[in-house]
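Hi everyone, thanks for coming.

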Amino acid sequence: MGQGSVFRKWDLHVHTPCSFENQYCFVNQEDQDRYGNDIWEKYIHELECLPDIAVIGVTDYFCIDGYRKVLEYRSQGRLSNIQNILPNIEFRLDNIVGDKRINYHVIFSENADPDDIENEFLQSLLIMTPNGEKVSLRRSNIEDIGKKLKEQHAKFRDRSDYYIGCTNITVSLEDIMKPLRDKASIFNKNYMLILAEPNLELMNWDKQDHLVRKFLTWNSHALFSPNEKTRLWGLGKEKSYKTQQDFISEFGSLKPCIHGSDSHGFDALCKPDLDRFCWIKADTTFEGLRQILFEPGDRVHICCENPSYTKNIHTLKSIHVNGTKINDRLSINELNLDLSENLVTIIGGKGSGKTAILDLIANCFIDRCSRKVKDKREDNSFIQRIEEDNPDLWSTLSFLGQNVEDFSKRFDDTIFFQEVSITYLPQGQIDKYSADRNKLNNKIVEIIFTSKPVVDAGLKDKYDEYDTKIQDFKRQIRQKINSISVLEADSTNEILNEKQKLVNTKKGELKNTQEQLKSLIERMTPEAQQKIEELRKEEAGIQTRLQKGEEVIERTSSLQINLEFTLSGINDDITTINNLLLGIDDKLSIPLVEISKQTDAIKKILEASELYCTKTRGELQSLNDALGKLEGFEKEQAELLKDISRLNEEIETLEEEIAGINKKKGDIQTLLNEIATIYVQISTAYIEWKGFYKDIIETFASGKNEIMSGIDFFSSIYCDTEEFINSGLDIIDNRKVNEDDIEKISKHLIGISQLEGVEGVDAIVNQYISDIWKYASLLKTKRTSIDFYSWVFTDYFRLNTDITFLGRNMDKLSMGQKGTVLLKLFLAEGDYPLIVDQPEENLDNMFIYDELVDAFRQAKTQRQLIIATNNANLVVNTDTEQIIVAEFKDNIISYRHGSIEDSAIREDITKILEGGEAALRKRELKYGM
């Protein structure tokens, strides 16, 4: 099945051997013998050798003799390579420009009866004889005129009567138009009037030819011209016309340009000068040709190569669905459908199967099954409706790219085509996007950064640097708050008070013990006191030596472990390198690292230290035994001294702990100051980010796609005050602080977000912290200071893209207008297929025509669009290339397709789509037709 309207080469100006002026001839005797001396045999054969001409306009002067001859060959099965052949009659008008005549063409439909053209049109035209008499346009009359002219003028006698007659007769444009209009039952919409540009340009707009030239142009459907300047003029795009409507007002309609080879001999047959081929996007019918009148800018191009835009290689080329029974109430016919790479619209009544084909395509890329997951259920999903029936339903997709393999799957398989991600918007999906600010903003950012001007400028990396910087600042704040959490847990006032209480208790005990010792000493002899003091000093010395020995053992053991671990890793790397060197140079290698001297020394040190510590412990034990043998005053004094020493150590330890707690409190304040500084840096980064993003948006706007006309973007910082207030109410004791109080604090954050430059950020942040800190002691019972810090220093800012549509902010748009904005954004987002089910929801018909039709027309040049719609404007005035009609009859879903130029499809449009006839009429009237 065909792909709808596609560009093909048309040559609508091909003369035949019947033209009075032609150079069709044989090259030599061999060439003449090959074709039995029949020039028509050679002509037909040459046409059959054309590889890629879809339609030709068989052209003769003042007659259709050549067309009739070509039809005879076609009826014999010849010329099968050419899809359609149209009759083109070329006239010389009675207007004289210098010594030149204006050429004029009438191209008829393939459905026009040659006899009707001959009898009802040509023979109703009048030509003038040498004596001024008017006679009908017949070959015999042309020959009579030629004969008389030859008799009267010697220089004409070397040519045939017919030749001389044709070179001298003329007709008027009024005479050409009259039978075509008077006999509408025969010719209505079966002809096109084409004004040839050569010689016309000799008529000066600024002199007496102006009115004649305007009359000729006004009454023509199109122009024969390969000239780009003429093409733009005919489209109303020449600078002297402000709008196309100005041109239409002056000339009745826009005038598309067509072109042909104007071949009069074999050398030029369907070979236009400079390879300026005429490419027409249409079915190969006369009705297809008429589409250039309604789409004069898009349907016809004159150029060397196919003017179709290059599409993503993953554009869908075709879909095949096997015919199968779904259940007793539903079956689907086998479908083999080639898809247009531009715009495909699916129409049909309710329940006809429009969504089914979209869902089957989308299901090859994303999982459209619910898999009985409640949250995934969609009321409008065809795939989900048939899940429980479990039919043997298969879909196969082929793609535009030659190196992309076909993809096939059963409807419930969990395999998906992963080389490209399509966008599928099921019915109602656009409304869901409209309601989610974050999704909207993320989509806008994605579109901006995939636009060509922004990509070419390489702005994405720097944009991401700001995001990375802010995320790093936020990470630092979290880390510092976590550190504060640990410090506060270890430095609460309860812990501090408990430590101070213990210090006071220990000091009391120390004072009491010291008084006991003083009293005891007064009763002891000096010799006894001296003895106890010496024993205590000796004990202290032994303890010091023991600690030193144990430290040597600890550090040496740690060194031994580190050396062994490091050595193992180093030698593993050396072994790996040596193995690699075996294939490069066997003489090269790295010797393994040896530390035997070090390990031997470590072993000796450990052994000596163990012996030393064992000996020292023995000395300490002997001393403790000696102290244990003391009696009386000496023993009592020794114990008191020991208690005093212990209490001093405990007091010292406690005071160090208190100092540590106070230091932690100081560290907490330092960390809070650092966090405040970082918060200033975050605020500053957002303001700088906004400024840079503004530059990006301006770059984006400079190459803004026509798809998004009416939409404007602005960078801003969005401050989520709702989150700030709600979080505060959840933390602060609402009996002491109300919502209005917290809202006042939030105005500082709003102030930061509205700054255009970084100047003043410090002052606002400092005021914010100063004002909010008075609530630090007013927390709810189960809330902590950590909750408070997290609330204060949360990043409430978001870099935002504000959108206006037709000058109104996105937040103030209706649901339908929001949907329009989103749909335009989706249309502009990439070059891969976009599939949309009923994009017209919540939109009135006029709004669709004014805002969406042009967006669809532009988007389809860049990507494939497949939509199911009930809106006639989205089918007709988008000039959709392919229309698929879904039908549900006798419990069977089936599909047929065609293009707008297909009369059966147009009938479907008027019957199925509300406003279909009006949309078709609007399309014809748009360019003055």
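Let's begin with the largest nonpolar core, which has 94 residues, and in which Phe724 and Trp791 touch the most other members. By nonpolar core I mean a set of buried Ala, Val, Leu, Ile, Met, Phe, Trp, Tyr and Cys residues joined through side-chain atoms within 4.5 Å. The biggest contribution to this core, 18 residues, comes from helix α22 (residues 632-702). Apart from it lies another core, this one of 69 residues, including Leu93, Phe108, Phe121 and Ile302. As a general point, nonpolar side chains in soluble globular proteins tend to be buried together.

A word on the ground rules. This is a predicted model, where local features need pLDDT of at least 70 and side-chain atom pairs count only at pLDDT 80 or more, while totals for chains, interfaces and linings use all residues. Residues are numbered from 1 along each chain as its sequence is written, and side-chain values use heavy atoms, with hydrogens and water left out. Buried, for us, is under 20% relative accessible area, exposed is over 50%, and partly exposed is in between (1.4 Å probe, protein chains only). Helices (H or I, at least four residues) and strands (E, at least two) are DSSP runs, numbered from the N terminus.

Back to Trp791. Which residues is Trp791 in contact with, leaving aside its neighbours within four places in sequence? Among them are Phe724, Ile731, Ile742, Tyr768 and Tyr796; contact here means heavy atoms within 4.5 Å.

Now, helix pairs. The axes of α18 (residues 460-490) and α26 (residues 785-792) come within 10 Å and cross at roughly 160°. Those axes are lines fitted to C-alpha atoms, for helices over the stretch in contact, with angles running from 0 to 180 degrees between N-to-C directions. So α18 and α26 are roughly antiparallel to each other, a label for angles over 145 degrees; under 35 is roughly parallel, 65 to 115 roughly perpendicular, and the rest oblique. From α18, the contact uses Ile481, Ile484, Ser485 and Glu488, and from α26, Ser785, Ile786, Tyr789 and Ser790.

The second pair is α16 (residues 437-450) and α27 (residues 815-828), whose axes come within 10 Å and cross at roughly 35°. Leu440, Lys443, Ile444 and Ile447 of α16 meet Leu822, Leu825 and Phe826 of α27.

Next, α2 (residues 39-48). Its buried residues are Ile39, Trp40, Lys42, Tyr43, Ile44 and Leu47, and they pack against β1 (7-15), α1 (29-34), β2 (53-61) and α3 (65-75). Asp38 caps the N-terminal end of α2, with a side-chain oxygen 3.0 Å from the backbone nitrogen of Trp40.

How many residues of helix α12 (residues 286-294) are buried? Nine of its nine, and they include Glu287, Arg290 and Gln291.

Asn219 sits in the loop between α9 (210-218) and β8 (222-224) and is buried, at 12% relative accessible area. A polar atom of the Asn219 side chain lies 2.9 Å from the backbone oxygen of Phe215. Leu335, in strand β15 (residues 335-338), is buried too, at 4%. Not counting residues up to four places away in sequence, Leu335 touches Ile319, His320, Val321, Ile357 and Tyr895. Happy to take questions!

How values were computed. Polar contact = N/O pair within 3.5 Å; in protein donor to acceptor, adjacent residues only side chain to side chain.
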